[in-house]
Amino acid sequence: MSALILIRIYMVSNIDLVTSRIIYKSFHVGVHAFHANIETGSAGQVNVHGQFLLNSNAMDVDIQPLPALTYTTVGGIIDLYVFTGPTIQDVVQQYWDVIGVR
């Protein structure tokens, strides 16, 4: 008997068109592939961690059922950040600290 494995692939790319620079008066370059994973332990405690891959090129993000993620980029510099939480508020705050939101 074989098991069905579901894999979702999301294409993520940036926009840097002449029209966007005219309308928004800025460049829109960069991809923010941020993912938060919420896990429940055997004693009922909730642990959260997050990942953020910063890259200026197009990428595919494959979400697999293990849970697992596979990032495929077409090149560029890869900045991978791991946020340890332990709460979702901590993970989001750590992400905001990296990208400069306050």
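Predicted model: local features only at pLDDT ≥ 70, side-chain atom pairs only at ≥ 80, totals over all residues.
Let's start with the overall layout. The protein chain has 2 helices and 6 strands, and reading from the N terminus they come in the order β-α-β-β-β-β-β-α. Of the 102 residues, 17% are buried. The chain exposes about 7300 Å², with carbon and sulfur atoms supplying 60% of that area. As for how the chain comes back on itself, take the contacts between residues at least 6 apart in sequence: 47% of them join residues at least 24 apart.

Now for the inside. In soluble globular proteins, nonpolar side chains tend to be buried together. Here, the largest nonpolar core is made of 5 residues, namely Val48, Phe52, Phe83, Val91 and Tyr95. Strand β3 and helix α2 each put at least two residues into this core. Val91 is a handy place to look around from: beyond its neighbours within four places in sequence, Val91 touches Phe34, Val48, His49, Gly50, Phe83 and Gly85.

Phe52 counts as buried because its relative accessibility is 1%, under the 20% cut-off. Tyr95, with a relative accessible area of 11%, is buried too. Tyr95 also pairs with Phe83, and with centres 6.2 Å apart and planes at 70°, this pair is edge-to-face as well. Phe83 lies in strand β6, so its pairing with Tyr95 in helix α2 ties together parts that are 12 residues apart in sequence. Ring pairs join Phe34, Phe52, Tyr81, Phe83 and Tyr95 into a cluster.

The peptide bond joining Gly85 and Pro86 is cis, with omega at about 20°.

Finally, the outside. Ile38, Val46 and Ile88 form a nonpolar patch on the surface, and together they have about 250 Å² of accessible area. Val46 is found in strand β3, which spans residues 46-55. Val46 has a relative accessible area of 46%, so it counts as partly exposed, between the 20% and 50% cut-offs.

How values were computed
Residues numbered from 1 in each chain as written. Heavy atoms only, no water. Patch = residues over 30% accessible without salt bridge, like charges linked within 9 Å, V, L, I, M, F, W, Y side chains within 5 Å. Areas by Shrake-Rupley, 256 points an atom, 1.4 Å probe, with all protein chains shown as cover. Salt bridge = Lys/Arg side-chain N within 4 Å of Asp/Glu carboxyl O. Helix = DSSP H or I, 4+ residues; strand = E, 2+ residues; numbered from the N terminus. Buried < 20%, exposed > 50% of the residue type's maximum accessible area, 1.4 Å probe, protein only. Contact = heavy atoms within 4.5 Å. Core = buried A, V, L, I, M, F, W, Y, C linked by side-chain atoms within 4.5 Å. Phe/Tyr/Trp six-rings, centres within 6.5 Å; stacked < 30°, edge-to-face > 60°.
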